[in-house]
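The sequence and structure are shown first.

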Amino acid sequence: MNEFFHMGGFGAYIWSAMGIAALLMVLEPVTLVFRRRSVIAQIKRNKRLEERRLNNEKN
Amino acid sequence: MKINWFKYSAPMNFYPLAGKLIPLFWILAIALIALGLYWGFFKTADVLSDQKQYYRIIYVHVASAWMAMWLYAVMVAWAMVGLVFNTRLSFMMASATAITGTVMTVIALATGAIWGKTSWGTWWDWDPKLTSFLILLFVYIGYIALQSAIDDVRRSDKASALLALVGLALVPIIYYAVNCPDPNECASLHQESSLERVESNILIAMLITTLGFWMYSFATILMRVRTIILERERNTSWVSKLKEFNN
């Protein structure tokens with residue numbers, strides 16, 4: 001197993017290349033999930049404000 | 001049965017469809033990338049005639065470099081459809097493709113630098129392939145920057161579509177930088193991309209991983225386009241009726 005990670009002395013290069021790819025390909029969808037949540041929260045907030053404004057106008 | 005494909009050019013119909021497709025693309029992406037890397041690490045020789053273990057960087061390097069170029073062509077195609085037919089969704093797709101393309105370009109450059117260090121003894125060289133790829137990164141960044149610099153959505157869509165079209169000139173340059181007809185003329189340090197020379201198990205692993213990267217790109221692009229749709233169509237009645245906002 002150790003020999004596998006050692007990769008004939010090139011382990012540091014191979015695993016850092018794989019690591020960079022993995023890191024970016026995990027970060028991208030994670031930021032997408034956060035962005036989607038924040039957009040949904042913002043639209044909800046605007047909707048609530050709009051409803052409150054309409055109610056105030058009625059009274 | 002007649003399927004009306006134009007139905008899905010409307011954001012209202014595309015939004016739920018994309019939502020259903022995303023998990024499917026994620027499953028395929030994870031399965032294919034795992035299979036490709038398994039094949040590439042366990043079914044291949046440790047040492048090749050001209051490269052040692054470090055050649056295994058090829059799986060992520062080639063897959064991401066291909067994606068970076070193809071996604072650029074995909075982005076331009078969407079931008080062109082948008083310019084010709086003036087469809088809102090096409091521009092949103094173009095803009096959603098740009099960031100995934102940028103991520104792929106960064107991965108290709110970073111893994112390429114690491115591979116270069118082991119194989120050529122240098123992290124970077126102003127070789128035609130590397131240089132044109134760096135410019136591809138700048139064009140992606142320029143597209144994203146231009147789009148966010150113009151507040152009016154319709155104008156920013158059109159302006160950035162034109163920039164993307166101009167940048168398309170890069171794709172054949174990158175291609176010929178690797179597949180140079182006469183090496184004396186191009187002085188390319190980068191290996192020629194001759195698939196027929198690659199050992200078959202490595203080739204299989206590389207192609208499976210690339211397919212996985214395609215699925216990853218579909219998944220992230222659809223996720224991003226759904227958010228863009230919400231942002232841009234927030235004032236329409238169909239968005240306010242979505243279950244996301246009614247619970």
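## Residues, helices and contacts

A:Lys58 lies in helix 2 of chain A, where helices (H or I, at least four residues) and strands (E, at least two) are DSSP runs numbered from the N terminus. The model is predicted: local features need pLDDT of at least 70 and side-chain atom pairs count only at pLDDT 80 or more, while totals for chains, interfaces and linings use all residues. Residues are numbered from 1 along each chain as its sequence is written, and chains are lettered from A and ligands numbered from 1 in the order in which they are written.

A:Lys58 counts as exposed because it has 5 C-beta neighbours inside 10 Å. A residue is buried if 20 or more other C-beta atoms lie within 10 Å of its own, exposed if 12 or fewer, and partly exposed in between, with C-beta atoms placed from the backbone. The C-alpha atoms of A:Lys58 and A:Phe10 are separated by 73 Å, and the two residues are 48 residues apart along the chain.

Chain A contains two helices and zero strands. The radius of gyration of chain A is 24 Å, well over the 10 Å that the globule rule gives for 59 residues, so chain A is more spread out than a compact globule. That radius is taken over C-alpha atoms, and the globule rule is 2.2 Å times the number of residues to the power 0.38. The C-alpha trace of chain A spans about 80 × 15 × 10 Å along its principal axes. Of the 59 residues in chain A, 14% are buried.

Chain B has nine helices and zero strands. In chain B, 38% of the 247 residues count as buried. Among contacts in chain B between residues at least 6 apart in sequence, 76% join residues at least 24 apart; two residues are in contact if their C-beta atoms, placed from the backbone, lie within 7 Å.

Two helices are set side by side below; the expected span is 1.5 Å times one less than the number of residues.

| Helix | Residues | Span, first to last C-alpha | Expected span |
|---|---|---|---|
| Helix 2 of chain A | 48 residues | 70 Å | 70 Å |
| Helix 1 of chain B | 32 residues | 44 Å | 46 Å |

In helix 2 of chain A, the buried residues are A:Tyr13, A:Ile14, A:Ala17, A:Ala21, A:Met25, A:Glu28 and A:Leu32. The cover over these buried residues includes helix 2, helix 3 and helix 8 of chain B. Leaving aside its neighbours within four places in sequence, A:Ala17 is in contact with B:Ile57, B:Val60, B:Thr111, B:Ile114 and B:Trp115.

Helix 1 of chain B has a kink of about 25° at B:Leu21, shortly before the proline B:Pro23; the bend is the angle between axes fitted to the seven residues ending at a residue and the seven starting there. Buried residues of helix 1 of chain B include B:Tyr15, B:Phe25, B:Leu32 and B:Gly40. Helix 2, helix 3 and helix 8 of chain B are among what covers the buried residues of this helix.

B:Ala79 is placed in helix 2 of chain B. With 27 C-beta neighbours inside 10 Å, B:Ala79 counts as buried. Leaving aside neighbours within four places in sequence, the contacts of B:Ala79 are B:Phe91, B:Ala94, B:Ala161, B:Ala164 and B:Leu165. B:Ala79 and B:Lys158 are 8.0 Å apart, C-alpha to C-alpha, and 79 residues apart in sequence.

B:Asn86 lies in the loop between helix 2 and helix 3 of chain B. B:Asn86 is not a glycine, yet has a positive phi of about 60°. Most residues other than glycine have a negative phi. B:Asn86 is exposed, with 12 other C-beta atoms within 10 Å.

The largest nonpolar core has 69 residues, and those with the most contacts inside it include A:Ala17, B:Ile57 and B:Ala79. Such a core is a set of buried Ala, Val, Leu, Ile, Met, Phe, Trp, Tyr and Cys residues joined through C-beta atoms within 7 Å. Helix 3 of chain B gives the most to this core, with 15 residues.

At the interface, 29 residues of chain B are in contact with 22 residues of chain A. Helix 3 of chain B gives the most to the side of chain B that touches chain A, with nine residues.
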